[in-house]
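I opened this structure to see what sits where, and I kept notes as I went. Here they are, in the order I looked things up.

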Amino acid sequence: MALQLGDVAPDFEAETTAGHIRFHDWLGRSWGVLFSHPKNYTPVCTTELGYTAKLKPEFDTRNVKAIGLSVDKLEDHHGWSKDIEETQGTALNFPLIADSERKVASLYGMIHPNASNTLTVRSVFVIDPDKKVRLTLTYPASTGRNFDEILRVIDSLQLTDRQKLATPVNWKPGEDAIIVPALGDEEARKLFPQGWKTLKPYLRVVKPNP
Ligand code: BEZ
């Protein structure tokens, strides 16, 4: 069965551009973004990996480690990374898993046979410090993902964990959030003594605590 939200992200050992890793040990107490791309030396993937490298300071601020994967060989990863630096202006600064035997891809359901029997689709798994899967995304090979959106989801998840808040449509950090329905008014008053706006009993809008 496909991995679902709340499942423990499967552990694995793999060869990467940063050496051999055991995934859970490598994550430590960080959040993780594990993402697959279909193939090295392809245009959309080149732009995605360059952009993800540019986002490293944003990932670091949020205690997030990024790690990419494709079913290519390690030597191909090293060759292609030079092209990424040359064309995207940023060198790879996170590991790429060389999964030529498709072990990790199979464990995470990254191969969708009706799309391609041999290549991974564009999967994303956001994993929290307890190793639980908190977001899954699947994009087709022809559509580059929006990594700013992945950061936005991580901001929302971390806010939920810290303050029992959910985030409304198109929310961005700094904007008002929503008190989760499971939190009664009495408990909410302790967490948000500054008060909130009740639009409906189930729709309570509040400025997040700093
Ligand atoms: C790409 O990254 O450009 C790509 C990879 C596989 C199929 C289509 C596009």
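**Lys65**

I started by asking which residues Lys65 is in contact with, once its neighbours within four places in sequence are left aside. I found Trp26, Leu27, Ser30, Trp31, Gly32 and Val33. This is a predicted model, so I read each of these contacts as a feature of a prediction. Lys65 has its place in strand E4. I also looked up one distance: the C-alpha atoms of Lys65 and Trp26 are separated by 9.0 Å, although the two residues are 39 apart along the chain.

**The chain as a whole**

I stepped back next. I noted seven helices and 11 strands in the protein chain. Its C-alpha trace spans about 60 × 40 × 30 Å along the principal axes. The chain has 210 residues, and 45% of them count as buried. I then looked at contacts with a separation of 6 or more, and residues 24 or more positions apart account for 65% of those.

**The largest nonpolar core**

I wanted to know which residues touch the most other members of the largest nonpolar core. They are Val33 and Val126, in a core of 23 residues. Six elements are on my list as giving two or more residues to this core: strands E3 (31-36), E4 (64-70) and E6 (122-127), and helices H2 (43-54), H4 (74-88) and H6 (147-163). H6 supplies the largest share, six residues. I jotted down a general remark here: in soluble globular proteins, nonpolar side chains tend to be buried together.

I followed Val126 further. Not counting residues up to four places away in sequence, I see Val126 touching Trp31, Gly32 and Val33, then Lys132, Val133, Arg134 and Leu135, and also Ile150, Ile154 and Leu157. There is also a second, separate core of 21 residues, and its members include Ile67, Val104, Ile127 and Val133.

**Ile127**

That second core sent me to Ile127, one of its members. Ile127 lies in strand E6. I found it buried, with a relative accessible area of 0%. What does Ile127 touch, not counting residues up to four places away in sequence? I listed Ala9, Phe23, Leu27, Trp31, Gly32, Leu34, Tyr108 and Lys132. I checked one distance here as well: Ile127 and Thr87 are 40 residues apart along the chain, and their C-alpha atoms are separated by 30 Å.

**H2 and H4**

The axes of H2 and H4 come within 9 Å and cross at roughly 75 degrees. I therefore wrote them down as roughly perpendicular to each other. From H2, the residues that meet H4 are Cys45, Thr46, Thr47, Leu49, Gly50 and Lys54, and on the H4 side I have Trp80, Ile84, Thr87 and Gln88. This contact divides into four nonpolar residues, five polar and one charged.

The 12 residues of H2 should span 16 Å at 1.5 Å a residue, and its end C-alpha atoms are 17 Å apart, which agrees.

Which residues of H2 are buried? I found Cys45, Thr46, Glu48, Leu49, Gly50, Thr52 and Ala53. In H4, the buried residues are His77, Trp80, Ser81 and Ile84. Those buried residues of H4 pack against H2, E4 and strand E5 (96-98).

**Positive phi values**

Just after H4, Gly89 takes a positive phi of about 80 degrees. Tyr41 is not a glycine, yet its phi is also positive, near 55 degrees. I located Tyr41 in the loop between E3 and H2, and it is partly exposed, with a relative accessible area of 45%.

Asn170 is another non-glycine residue with a positive phi, of about 60 degrees. I found Asn170 in the loop between strand E8 (165-166) and strand E9 (177-179). Asn170 is exposed, with a relative accessible area of 61%.

Note on methods. Residues are numbered from 1 along each chain as its sequence is written. This is a predicted model: local features need pLDDT of at least 70, side-chain atom pairs count only at pLDDT 80 or more; totals for chains, interfaces and linings use all residues. Side-chain values use heavy atoms; hydrogens and water are left out. A nonpolar core is a set of buried Ala, Val, Leu, Ile, Met, Phe, Trp, Tyr and Cys residues joined through side-chain atoms within 4.5 Å. Buried means under 20% relative accessible area, exposed over 50%, partly exposed in between (1.4 Å probe, protein chains only). Helices (H or I, at least four residues) and strands (E, at least two) are DSSP runs, numbered from the N terminus. Contact means heavy atoms within 4.5 Å. Axes are lines fitted to C-alpha atoms, for helices over the stretch in contact, and angles run from 0 to 180 degrees between N-to-C directions. Angles under 35 degrees count as roughly parallel, over 145 as roughly antiparallel, 65 to 115 as roughly perpendicular and the rest as oblique. Ala, Val, Leu, Ile, Met, Phe, Trp, Tyr, Cys and Pro count as nonpolar, Asp, Glu, Lys and Arg as charged, and the others, Gly among them, as polar. The expected span of a helix is 1.5 Å times one less than its number of residues.
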